[in-house]
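Subject: Structure for your review

Dear colleague,

Please find below the structure that I am handing over to you.

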Amino acid sequence: MYDDILLPTDGSKGTTETVEHAISIARDNDATVHVLYVVDSRRYRAAESDTKDEIVKSLEVEGERAIEDLRVDLEDAGLVVETEMRDGIPHREIVDYVEAAGIDLVTMGTHGRTGRDRVQNLGSVTDRVLEDVSAPVLVVDIGD
């Protein structure tokens, strides 16, 4: 049913449950797991020109670490892994990657907010991906 599963990461440590779901689904379907990290261009665009390169490099190092950590975990689980780092606005890059790579399922984490907290936090990467992506999305509540 699923041949290619996307596991986007922002490098946060709260993605353990999301990774566990991705591993389980990938094993059950003999699927490739794609790990994507997006260097969020909004985090450096407004920076002073003399610090911009330093900020970009720092974000890239963070991304390389996040990708490598997941790659090791996924390969240790016996899975085939493809990795990529992109630069841009995260939800847009995720949606573009889904289309370009023929992704069958996206697995993402979210903080399980409800009520007023949810309204105040609209616009999260997960919410925007849900609005725009053509593939199914498994959203895992990773808590706060």
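The notes below describe what was found.

This is a predicted model, in which local features need pLDDT of at least 70 and side-chain atom pairs count only at pLDDT 80 or more, while totals for chains, interfaces and linings use all residues. Residues are numbered from 1 along each chain as its sequence is written, and side-chain values use heavy atoms, with hydrogens and water left out.

Overall architecture

The protein contains five helices and five strands; helices (H or I, at least four residues) and strands (E, at least two) are DSSP runs, numbered from the N terminus. Their order along the sequence is β-α-β-α-β-α-β-α-α-β. Of the 144 residues, 40% are buried. Here buried stands for under 20% relative accessible area, exposed for over 50%, and partly exposed for values in between, with a 1.4 Å probe and protein chains only. Among contacts (heavy atoms within 4.5 Å) with a separation of 6 or more, 77% join residues 24 or more positions apart. The accessible surface amounts to about 8,200 Å², and carbon and sulfur atoms contribute 43% of that surface. Accessible areas come from the Shrake-Rupley method with a 1.4 Å probe; for residues, only the protein chains shown count as cover.

Helix α2

Helix α2 spans residues 49-76, which is 28 residues. From first to last C-alpha it reaches 41 Å, close to the 40 Å expected at 1.5 Å a residue; the expected span is 1.5 Å times one less than the number of residues. Its buried residues are Val56, Leu59, Gly63, Ala66, Ile67, Leu70 and Leu74. The cover over these buried residues includes β1 (4-9), α1 (16-29), β2 (32-40) and β3 (80-88). After α2 comes Gly78, which has a positive phi near 85°.

A positive phi is also found at Asp30, about 50°, although this residue is not a glycine. Asp30 sits in the loop between α1 and β2 and is exposed, at 72% relative accessibility.

Salt bridges

Six salt bridges were found in a search of the whole structure, each being a side-chain nitrogen of Lys or Arg within 4 Å of a carboxyl oxygen of Asp or Glu. Glu68, Arg71 and Glu75 form a network of such bridges.

- Arg71 and Glu68: the closest N and O atoms are 2.4 Å apart. Both residues belong to helix α2 and are three residues apart, about one turn of the helix.
- Arg71 and Glu75: the closest N and O atoms are 2.4 Å apart. These residues are four apart in α2, again about one helical turn.

An α-helix has 3.6 residues a turn, so residues three or four places apart point the same way. As for accessibility, Arg71 is partly exposed at 24%, Glu68 is partly exposed at 36%, and Glu75 is partly exposed at 38%.

Yours sincerely
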